[in-house]
Every structure is written in structure tokens, then in C-alpha cells.
Amino acid sequence: MKPKVITIVGAGLAGLSTAISLSRRVGSKAEVYLFEDHDYIGEELSGDACSSVVLDIIRQRCYVEPHNKWTRSRFNKIMVHFPEGNKLGRERVDADIEGVMFDKTKVERDLAKVAKKLGCNIRIGHMFLDGKKTKYGFKTAFREKKTGRIEHHKTDAIVCADGYASKVVRSIGLMGKEFWDKIWWPSLDLGLQTRLRGNFKDIFNEKGIVIKFAENRPSEYFYVFPWNEEEANVGYVSTSRNAKTIDETLDHYLKLYGYDKYEVLQQKKGKFIPGQGPLFKPYWEGLTVVGDAGAQVEPSFRAGIRLGVEAGGIAGEVMAEASLANNFSEDKLREYHARLQEVNPSLNHVKELRETKEIIEKVCYRRNIQKSELTLMNMYFDVIRKYAW
Ligand SMILES: Cc1cc2nc3c(=O)[nH]c(=O)nc-3n(C[C@H](O)[C@H](O)[C@H](O)COP(=O)(O)OP(=O)(O)OC[C@H]3O[C@@H](n4cnc5c(N)ncnc54)[C@H](O)[C@@H]3O)c2cc1C
């Protein structure tokens, strides 16, 4: 039998963990391709705070031993600040959670090396343009950025890992224009971040990371994630589409805390983050969706690293099994979602996670909140703590 061809689009953490998990399992029995739009791997943008469980997931699902250079520091709480006078009766709520400052750029570069060694054919500088379902699988087209040449590529199955605006999902017709316009696009939030050198001693020595929900823009927040006593990722997550407003808001906070005087190690850079919580169905015949492409991001704090890596590891497993069984049917690939839900129950509570985000908004707006709502919020804070960070 001719070896199956499986194509992953997007070499972020989700695509790379899929590539390793899949390549390791299929060996020479299938050809694995990973296409990446950028002409490099390892994007320098993310708050980089995540649960230390991510390291275990990489170890268990991808069989890669985490390098000690992947983590810069550890923290044991998230210090969540709500605006003064809120209906919670206190401004700061500490969520006990063990986490790490994760050098996402380095991890991505290292994972790409492992994937390559395992035989994954990595094609950087190739942008997915279009795809069509055919009798045998999919016919896809990529543009090689350097030459402008269009490459046609036949594949039996696809893993969509191309981030918040997945062209794969849209072009194959899984997300109609109406869904994109009315649901997906409005729910994208924008994260704008800079890296600073200055005095972050107090926050670092408290062994925490800081999230400050904004006063008049509920569900938006300013964050400070320290790498050490002197360096931190500092940013703002906004629901607005207006780049100028977001830039001004981040400047406002930088000034408020005196960070505007600090040395800028990395200029401000922004990127969208899906904010509506994971897709209810991230698989179809011949296709699985992982990471931001499937909005696998916890909606209140927009944490997507853990879910993306977990989804990639499991999608790799299931795609490998499907390939070896010569069966990429929707029924078979449903297993991907089922296993992901089993290990990560936050995916079974998308509706409640969205409601939690609304309750946080009410708290920030100082609107009345019912006791039952607070109970729900606390319950899902626990879920967020256990399964998203
Ligand atoms: C400012 C900011 C701060 C954040 N902070 C945190 C945090 O502290 N903790 C946390 O857990 N999460 C955080 N997140 C979210 C987290 O970074 C993402 O959820 C996660 O990295 C998503 O990984 P991914 O692999 O799904 O997507 P991505 O990392 O976006 O990877 C998608 C890849 O697909 C490629 N691609 C896109 N289109 C195409 C195409 N047409 N053809 C080929 N390739 C394509 C892209 O170039 C990219 O490399 C943050 C996000 C932002 C923006």
C-alpha cells in the first residue's frame, strides 16, 4: 500500500506537537509534511506563562524530554486584580496555581529540530492558499514566498494548526463566511505586548504573575509576567479592533506603573487571540483542528499554550492510528476530540467558561451579581486553574 500523506499547516506549538507525536508513531509508514507561512520557526510573541503541566504533556505525548532552558522561572499564583469598588468586595484574588515562564520561541525551535529528525518534512516560507476535498483526500495549494511559485500538494488528511484566522478551516468550507463574519471575527481579541527591563523585584519575589482587569473595558486586562527580578513581558489584551486605542491603553498602564521609564527589550507587537472558547467540533472527515485554529484557548484569561500542545499531541496519536488503519473517516477522527475531552475536562464546559467571562465582566462593571453566579465563577476558576493554565 502506498504510504499515506498527512499534512499539518502551521508550525506554532500546536502544529509542532502534532508533527512530533504523528511522525514518531507512523515512522516510514506515512509521509508527514509541515507547512509554515513564516520563513522561520519560533515566533517571539506570547505572554509565555503556562502551567508546568505543559512540560509533562510534551514528555508524555511527544516523548521529548523538556530542556531546562525552556523554563525561565516558576510562579505559584496568579494575582488577579479587579477594579476597586467591585461587587466581589475585594480587589485582589490570588489563584493558587503552579506555573512556569516558558520560553515559547526556544521550545518551538527545539521541537522543530526533533520533528525534522523524526522524518517530518518541514517547509517554511510556504503559505497555505486554498484546499478542496476530493475523492482521495484533499488537493491543496501553497505559495512559496521566496519565489512566488504555487505548489500543488495532494494529501490524504490535514491537521489545521494555522492559528487564529485558520485559512484551512475557511477554505475547505468548514467555516462559512457568515460564521466567520458574525461569530469568529467579532470574538477575536487582540494581545499587544512588549518586553521590558527594569524593577520587577516585588512581583517576582512574590512568586506570582499579575493580571489587572480594566475598569471601563470589562474582560480586557493589563498583565505583568516577570522572567526574573529585572525583566518581564508586559501587555494588554483587548476586545477592541482599534489598534490605536489598544496602543494608547497599553501606554496608559505603562505610565501608571512607571514602566514607561524602563528599557524596551522587545518593541510592542500584537496578535489576535480567539476569545470565545473552543470549537464544539474540531474534526471532520480527513481533518482535525488544533490550537488557536480551533479556538482552544481558555476564554477569560486567553491561555492557549497548554490546550494547543495537548490537542497537538492527541491529534498526532489519532491521525497516526487513522493512517495505519487506512481510515480517516469522521467517525474515526471523533476519537481525537473524545480523548482531548477526557484529559481536559475544561473542553466539556465551554458554555460555562463563556459564562464565567461574562460574570468577570459584570464584576469589572460593578454590576450586581447573584450568589449563584459567583458560585459558578468560582467553580470554573477551579476548572481554569486545573486544566487551562
Ligand atoms: C500577546 C499574547 C500573549 C499570550 N499569552 C499567553 C500566555 O501567557 N499563556 C498562554 O497559555 N497563552 C498565551 N497566549 C495564547 C497562546 O500564545 C496561543 O494560544 C498559542 O501559542 C497558540 O498556538 P498555535 O500553535 O495554535 O498557534 P500559533 O502559534 O499562532 O501558530 C500558527 C502558525 O500557523 C502559521 N500560519 C498561519 N497561517 C498560515 C498559512 N496560511 N499557511 C501556513 N502557515 C500559516 C503561523 O505563521 C503560525 O506559525 C498569548 C497570545 C498572545 C497573542
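Select Ala295 to begin: this residue is buried, because 25 other C-beta atoms lie within 10 Å. Buried here means 20 or more other C-beta atoms within 10 Å of a residue's own, exposed means 12 or fewer, and partly exposed is in between, with C-beta atoms placed from the backbone. The model is predicted: local features need pLDDT of at least 70, side-chain atom pairs count only at pLDDT 80 or more, and totals for chains, interfaces and linings use all residues. Residues are numbered from 1 along each chain as its sequence is written.

Stay on Ala295 and look at its backbone. Its phi is near 55°, a positive value in a residue other than glycine. Most residues other than glycine have a negative phi. Ala295 is found in the loop between β17 (287–289) and α8. Helices (H or I, at least four residues) and strands (E, at least two) are DSSP runs, numbered from the N terminus.

Next, select Lys207, in the loop between α6 (201–205) and β12. Lys207 also has a phi near 55°, positive although the residue is not glycine. What is the exposure of Lys207? Lys207 is partly exposed, with 14 other C-beta atoms within 10 Å.

**Helices α2 and α8**

Follow the loop of Ala295 into α8, then show helix α8 (residues 305–324) together with helix α2 (residues 53–62). Two packed helices are described by the angle between their axes and the distance between the axes. The axes of α2 and α8 come within 10 Å and cross at roughly 10°. Axes are lines fitted to C-alpha atoms, for helices over the stretch in contact, and angles run from 0 to 180 degrees between N-to-C directions. The two helices are therefore roughly parallel to each other; angles under 35 degrees count as roughly parallel, over 145 as roughly antiparallel, 65 to 115 as roughly perpendicular and the rest as oblique.

Now show the open sheet of 8 strands, in the order β3-β5-β4-β12-β13-β14-β11-β15, with mixed pairing. Two strands pair if DSSP finds at least two bridges between them. The edge strands are β3 (49–51) and β15 (263–274), each pairing on one side only. Neighbouring strands of this sheet are turned by 30° against each other on average, direction ignored.

Cys50 stands opposite Val100 in β5.

**Helix α10**

Select helix α10 (residues 350–364), whose 15 residues should span 21 Å at 1.5 Å a residue; the end C-alpha atoms are 21 Å apart, which agrees. The expected span is 1.5 Å times one less than the number of residues. Which residues of α10 are buried? They are Leu353, Thr356, Lys357, Ile360, Val363 and Cys364. Seen down the axis of α10, these buried residues fall within an arc of 120°, so they line one face of the helix. The arc is that of the directions from the helix axis to the C-beta atoms.

Just after α10, Arg366 takes a positive phi of about 60°.

**The sheet of 3 strands**

Finish with the open sheet of 3 strands, ordered β7-β8-β9 with antiparallel pairing. Both β7 (126–133) and β9 stand at the edges with a single partner strand each, so one side of each is left without a neighbour in the sheet. The twist averages 25° from one strand to the next.

Trace β7 into β8: the two form a hairpin with 4 residues between them, and 7 bridges join these antiparallel strands. Phe128 stands opposite Phe142 in β8.

Continue from strand β8 (residues 138–144) to strand β9 (residues 150–155), an antiparallel pair joined by 6 bridges. Partners to pick out in β9 include Thr155 for Phe138 and His153 for Thr140. This hairpin has 5 residues between its strands, and Gly148 in the turn has a positive phi of about 80°.
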